[in-house]
Amino acid sequence: MNLDLAPDPLLAVPGPSQIPPRVMRAMMRVVDHRSPHFHRLYRDVVEGLQYVFRTSGDVYPITASGTGAVEAMVLNFVKPGDVVLVPVFGSFSRRLINHLRRVGAEVVEVDYGWSSAPTYEDLKARVESMGLKRIDVFATVYNETNPGLTFRDLPKVARWIKSYGTLVLVDNVSALGGDYFEVDSWGIDVAVSSSQKCLAAPPVMSFIAVATKEAYRKAESVNHPSIYFDIRLMRRFAERFETPFTPAVNYLFAIREALGIIREVGLENWIRWHIERGRAIVNALVKAGLEPFVSNDYHRSNTVLSFKYPTAVNPEEFRKTMYRLGVSISDAMDDIKGKAFRIGNMGYLTRRDVLTLVAAIVTVAAMANRVDEVGIGIFEEVLRYWEPPQFSVDEG
Ligand code: PLP
C-alpha cells in the first residue's frame with residue numbers, strides 16, 4: 001500500500017470523527033502559554049466547554065486523550081477505601097473499574113451484561129437489596145462506546161443516589177455534544193469528555209468539569225501521587241487563565257473553533273443533527289435487512305450505532321472491503337468482538353458522508369449474500385478497476 005496521495009478514508013468510527021476544515025485551519029497557530037493571547041484563548045475555550053457541558057462550574061482542559069481525563073477524575077475524587085458503586089454495561093465501565101481499583105477503591109459492581117443499560121428502577125432495587133451502609137462515590141459511563149448503550153436514566157439515578165451523600169462522577173467521553181447531557185441540572189459533581197468525538201475536534205485534548213463545592217471539598221481531602229493530573233493545581237492556574245504545564249496550544253485553537261461552530265449552530269441543533277442523523281442511519285440499515293446489536297430503542301446509543309454483522313460476511317473482510325471503499329468503521333471490542341460492528345455517528349458527518357457510509361455497508365453485505373445481482377454488479381465494477389497505488393487505499 002502506498003497511500004501517498006490517497007484521500008483519508010471517511011471517519012465513521014467512534015472517534016476520532018470528521019473535522020470541519022475551519023477547525024483544521026485554526027490549528028496552525030501557537031502562542032506563548034503564559035501570554036495575554038493565551039489567556040484570551042483559555043477563557044474562550046472554557047466558556048465554550050461550560051456551554052456544551054451545561055454547567056456554570058469550572059471546566060479544565062487537559063492535554064491527554066479521554067483516558068487522561070478519566071484518570072484525573074478518579075485520582076482527584078476517589079480515596080483508598082471509598083465504596084464506589086459502578087453500573088457495568090460495556091468495555092468502558094470495565095476500564096473505569098480498573099482505574100478505581102488502582103486507587104484502592106472498594107468497587108461495588110452492578111452488572112448489566114453487554115446489551116442493556118441500567119434503568120433507575122432496577123438499579124435502585126438491586127442497590128437497596130445489597131444493604132450498603134455507605135456509598136461514597138457513584139461512578140459511571142454515560143454513553144458506553146462498546147457496545148453502544150446510553151444510560152438514559154442517569155438524571156433520575158443521580159437525584160436518588162445523592163440521598164446517600166454520594167459524589168456523582170460521569171465519563172461522557174463519547175456523547176458530549178451528540179446527545180442530551182446536563183451537568184448542573186442533572187446533579188453531576190464531576191464529568192469528563194474529550195475532543196475527538198461529537199465536538200468534531202482533533203484528538204489529544206480532554207476536559208474535566210468540576211461543578212460542585214462537594215467535589216472540591218472531596219478533592220481537598222484526597223492525596224494522590226500525580227502532579228500532572230492534580231486538580232488543585234489546575235484550579236490555581238485557571239484563576240489566571242492558564243494551565244499548570246505546557247498545553248497543546250495549537251489544539252486549543254482548534255477546539256475553540258470547534259466550540260465556536262457549535263455555538264453558531266446552537267447546541268440544541270448540534271445535538272438534534274446527531275439524533276436525526278443517527279435515526280436515519282439506523283432506519284436505512286434496518287430497511288436493508290441489518291439488525292441493530294441493541295434491540296431496545298431506549299438504551300440504544302445515538303452516537304455509537306452497533307449492528308450485528310450481516311449474515312454470510314466475514315467480519316475482517318467486511319471492514320477491509322469497507323476501507324477499500326474509503327470508509328472506516330470499527331469492530332466491537334472484548335466479549336462482543338467479531339459479533340457486531342460499530343459506526344461512530346459523531347461530529348461533522350454530512351449527507352454525502354452518510355450516503356457513502358450507508359451505500360458501502362449495504363453493498364458489501366449484499367455482495368456477501370448475493371441478494372441483488374444488479375446492484376452487486378455495479379459495485380463490483382467500482383471495486384475492480386485499477387487505480388494508481390499513490391491514490392488508492394486498496395491493499396491489492
Ligand atoms: N471513555 C469512553 C466512554 C470512551 O468511549 C473512550 C474512548 O473511546 C475513552 C473513555 C477513552 O478515550 P481515549 O481513547 O481518548 O483515551
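A crossing of two helices is called left-handed if the near helix is turned anticlockwise from the far one by less than a right angle, and right-handed if it is turned clockwise. Keep that in mind, as helix pairs come up below.

First, some ground rules. The model is predicted, so local features need pLDDT of at least 70 and side-chain atom pairs count only at pLDDT 80 or more, while totals for chains, interfaces and linings use all residues. Residues are numbered from 1 along each chain as its sequence is written. Helices (H or I, at least four residues) and strands (E, at least two) are DSSP runs, numbered from the N terminus.

**Helix pairs**

By the rule above, H3 and H4 make a right-handed crossing. They pack at about 40° with their axes 9 Å apart, and that makes H3 oblique to H4. Here axes are lines fitted to C-alpha atoms, for helices over the stretch in contact, and angles run from 0 to 180 degrees between N-to-C directions. Angles under 35 degrees count as roughly parallel, over 145 as roughly antiparallel, 65 to 115 as roughly perpendicular and the rest as oblique. Who touches whom? Val-70, Glu-71 and Val-74 of H3 meet Leu-96, His-99 and Leu-100 of H4; contact means that C-beta atoms, placed from the backbone, lie within 7 Å.

Two other pairs can be set beside this one:

Arg-277, Ala-280, Ile-281, Ala-284 and Leu-285 in H11 meet Val-354, Val-358 and Ile-361 in H13. That contact has 7 nonpolar, no polar and 1 charged residues.

**Sheets**

Now for the strands. An open sheet of 7 strands runs in the order S2-S10-S9-S8-S5-S3-S4, with mixed pairing. Two strands pair if DSSP finds at least two bridges between them. S2 (58-63) and S4 (106-111) stand at the edges with a single partner strand each, so one side of each has no neighbour in the sheet. From one strand to the next, the twist averages 20°. Inside this sheet, S9 (residues 190-194) and S10 (residues 205-210) run antiparallel and are joined by 5 bridges. Val-192 stands opposite Ile-208 in S10. Helix H4 (residues 91-102) lies across S3, S4, S5 and S8, at about 165° to S3.

Another open sheet has 3 strands in the order S11-S14-S13, paired antiparallel. Its edge strands are S11 (304-308) and S13 (330-331). S13 pairs with S14 (residues 340-344) over 2 bridges, and Asp-331 stands opposite Phe-341 in S14.

**Around the ligand**

Which residues are closest to the ligand? Of the 13 residues that surround it, the closest are Ser-65, Gly-66, Thr-67, Thr-145 and Val-173; a residue counts as near if its C-beta atom, placed from the backbone, lies within 6 Å. Helix H3 (residues 66-77) gives the most to this shell, with 3 residues. By class, the shell has 5 nonpolar, 7 polar and 1 charged residues.

Definitions and conventions. Ala, Val, Leu, Ile, Met, Phe, Trp, Tyr, Cys and Pro count as nonpolar, Asp, Glu, Lys and Arg as charged, and the others, Gly among them, as polar. Two residues are in contact if their C-beta atoms, placed from the backbone, lie within 7 Å.
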